[in-house]
Amino acid sequence: MNAATAHGAAVEPAETPLTPESWGKLGMWIFLAGDAVGFGTLLAGYGAMRATSADWPNPYEVLGINLTALMTFLLICSSVTMVKALEWLSRGHRDKAKMFLALTATGGAIFVSLQAYEWTHLIHRGLHINGNPWGASLFGTSFFLVTGFHGLHVTAGVIYLLATIGVVSRRPDPMASYNFVEITGLYWHFVDLVWIMVFTFMYLL
Amino acid sequence: MAEHKHPNYMAIFYYLAILTAIELGVIFLPIPKVYIAVLLCIFAIWKAALVAMYFMHLKLEARTLGLIAVTPLAIATLLVFVLLPDGFAVAKKTSDEKKVVPPAAAKH
């Protein structure tokens, strides 16, 4: 029995058949499924509002997609650094894993900063939560609600990643934090996955 | 504990980057908007599936966990159909109002 199993055995009386490594992983998957319903509801609501509106602006002409395409690429890159962190950890390189976790958090922080820049720019051009110069007022409402909800997830993710670096630093055995990092990764990839959907449905369509 | 299996992450990264580039190109294609929308939906689900299967290791997990992951997609799809009748009702009402408004405004 190694440190990871010993650590797990202290708090987990029985193993789950779905995720034998830990209950935490199953817990995160169930949380993400619930969160996905939240985002699904927002996007379905967006679709319904748009379908019933006669003057919905063309999003990619109004919002511009150059910056958001860059943000999408950045989030995909941060997903790669996240899996690289896990890969290095499984090979026993704790410092490299921490470096890749820090890179992932930096990617997330840059994403949120770019989103703040984009919001500021659009607000200056007249896009408000209760109206805009281009058409249906619900366009602004849904835009800020959905991208804001996602931005909140990225912000939470950056804090989560920083906490994860702390956990990896405190546990000398790299394998002792493998499960923790994998669960953090699940959350982070989910945030990336949701952005793929938001980018397609709110910017490109 | 044996070393964990890891897929070729860089290959998935290039795959995702190329799909994103294609998505950006698709919106400028000179074809009807409905086809563009269908293509974009396919690409989005394709990319999301790649992230879930390889980055989130769903491919290596128990099948039941995959069912948990797919449930929200089923619920969201169902929700679209639930919202559709409501949406059409509102659209009709809006167009009726538009028909009524001009003559009323002309009386003033």
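User: What percentage of the residues of chain A count as buried?

Analyst: This is a predicted model, in which local features need pLDDT of at least 70 and side-chain atom pairs count only at pLDDT 80 or more, while totals for chains, interfaces and linings use all residues. Residues are numbered from 1 along each chain as its sequence is written, and chains are lettered from A and ligands numbered from 1 in the order in which they are written. A residue is buried if 20 or more other C-beta atoms lie within 10 Å of its own, exposed if 12 or fewer, and partly exposed in between, with C-beta atoms placed from the backbone. Of the 205 residues of chain A, the share that counts as buried is 44%.

User: Which element of chain A has the lowest mean pLDDT?

Analyst: The predictor's confidence in each residue, from 0 to 100, is the pLDDT, and chain A averages 89, with 93% of its residues scoring at least 70. Where pLDDT is low, the predicted coordinates should not be read in detail. Among the elements of chain A, helix H5 (residues 94–124) has the highest mean, 96, whereas the lowest, 50, belongs to helix H1 (residues 3–11) of chain A.

User: What ipTM does the predictor give the complex?

Analyst: For chain B the mean pLDDT is 80, and 77% of the residues reach 70 or more. For the complex the predictor gives a pTM of 0.86 and an ipTM of 0.82.

User: How many helices and strands are there in chain A?

Analyst: Helices (H or I, at least four residues) and strands (E, at least two) are DSSP runs, numbered from the N terminus. From the N terminus on, the elements of chain A run α-α-α-α-α-α-α, and the C-alpha trace spans about 65 × 30 × 20 Å along its principal axes. The count for chain A is seven helices and zero strands.

User: How many residues of H7(A) are buried?

Analyst: H7(A) reaches 37 Å from its first C-alpha to its last, which is close to the 39 Å expected at 1.5 Å a residue for its 27 residues, the expected span being 1.5 Å times one less than the number of residues. The helix is mostly covered, and of its 27 residues the number buried is 26.

User: Are H4(A) and H1(B) roughly parallel or roughly antiparallel?

Analyst: Axes are lines fitted to C-alpha atoms, for helices over the stretch in contact, and angles run from 0 to 180 degrees between N-to-C directions. The axes of H4(A) and helix H1 (residues 9–26) of chain B come within 10 Å and cross at roughly 170 degrees. Angles under 35 degrees count as roughly parallel, over 145 as roughly antiparallel, 65 to 115 as roughly perpendicular and the rest as oblique, so H4(A) and H1(B) are roughly antiparallel.

User: Which residues is Phe13(B) in contact with, leaving aside its neighbours within four places in sequence?

Analyst: Phe13(B) lies in helix H1 of chain B and counts as buried because it has 20 C-beta neighbours inside 10 Å. Its C-alpha atom is separated by 9.4 Å from that of Leu50(B), 37 residues apart along the chain. With neighbours within four places left aside, Phe13(B) is in contact with Ile76(A) and Val80(A).

User: Where is His57(B) found?

Analyst: Phi of His57(B) is near 60 degrees, a positive value in a residue other than glycine. With 21 C-beta neighbours inside 10 Å, His57(B) counts as buried. His57(B) is found in the loop between helix H2 (33–55) and helix H3 (63–107) of chain B.

Note on methods
Contact = placed C-beta atoms within 7 Å.
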